[in-house]
Amino acid sequence: MKKKLYIGCAITNLSEEKREAFFDMISDIKNKLKDHFEIMEFLGVDDLATDKPFSPLEIYEHGITKCVMEADCMLAMCDYPSLGLGYEIGTAVEKRGIPVLAMAREGSLITRLILGVNHKSFIFAYYNSADDIVQKTLETLTK
């Protein structure tokens, strides 16, 4: 049975230009990891442009109750600031104790709080390519 992997990332404050490239990379990563993990999907990517966007409660219940609370492990993409992702990481690490691999592109400005997390289930690493993310995920989260 495959482990359930939740991939969390910033969504709300990304510009259209950054959003498209970032989500293309996330999609590529998901495709490369789907043979090794059951990938859990987040909500809230393009729904604001529809006539029925998800409510804040729906986003919370899906992201925390469904994904973080049911995942076996988490990949947190920390390239861009996100209060929601920080909350998800905190819940996964401090409440659940599941393995969390947090990654950011080399050169990204990362909050010192994330860089300072000292918990046995948390690892932070920088990457240069989507393949770096896939390799590090397989090395650390399939054990």
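Modeller: In helix H2, Gly63, Ile64, Cys67 and Val68 are buried. Helices (H or I, at least four residues) and strands (E, at least two) are DSSP runs, numbered from the N terminus. Buried means under 20% relative accessible area, exposed over 50%, and partly exposed in between (1.4 Å probe, protein chains only). This is a predicted model, in which local features need pLDDT of at least 70 and side-chain atom pairs count only at pLDDT 80 or more, while totals for chains, interfaces and linings use all residues. Residues are numbered from 1 along each chain as its sequence is written, and side-chain values use heavy atoms, with hydrogens and water left out.

The buried residues of H2 pack against E1, E2 and H3, where contact means heavy atoms within 4.5 Å. H2 also takes part in the largest pocket, giving the largest share of its lining, six residues. A pocket is found on a 1 Å grid over the protein atoms alone, as an open set of points where a 1.4 Å probe fits, with protein on both sides within 12 Å along at least five of seven lines; lining residues have an atom within 4 Å of a point. The pocket's volume is about 710 Å³, taken as the space filled by probe spheres set on the points, which are joined across faces, edges and corners. Its lining has 30 residues, of which Ile11, Thr12, Leu43, Gly44 and Ile59 lie nearest the centre. E1, H1, H2 (56-68) and H3 (83-96) each supply at least two lining residues.

H1, one of those contributors, covers residues 16-33 and spans 25 Å from its first C-alpha to its last, close to the expected 26 Å (1.5 Å times one less than its number of residues). Its buried residues include Phe22, Ile26, Ile29 and Leu33. Seen down the axis, the buried residues of H1 fall within an arc of 160°, so they line one face; the arc is that of the directions from the helix axis to the C-beta atoms. The face turned away from that side carries the exposed Glu16, Glu17, Glu20 and Ala21.

Among the elements that the buried residues of H1 pack against are E1 (3-9), E2 (37-40) and helix H5 (130-141). Ile29 touches Ile7, Leu75, Ala130, Ile133 and Val134, not counting residues up to four places away in sequence.
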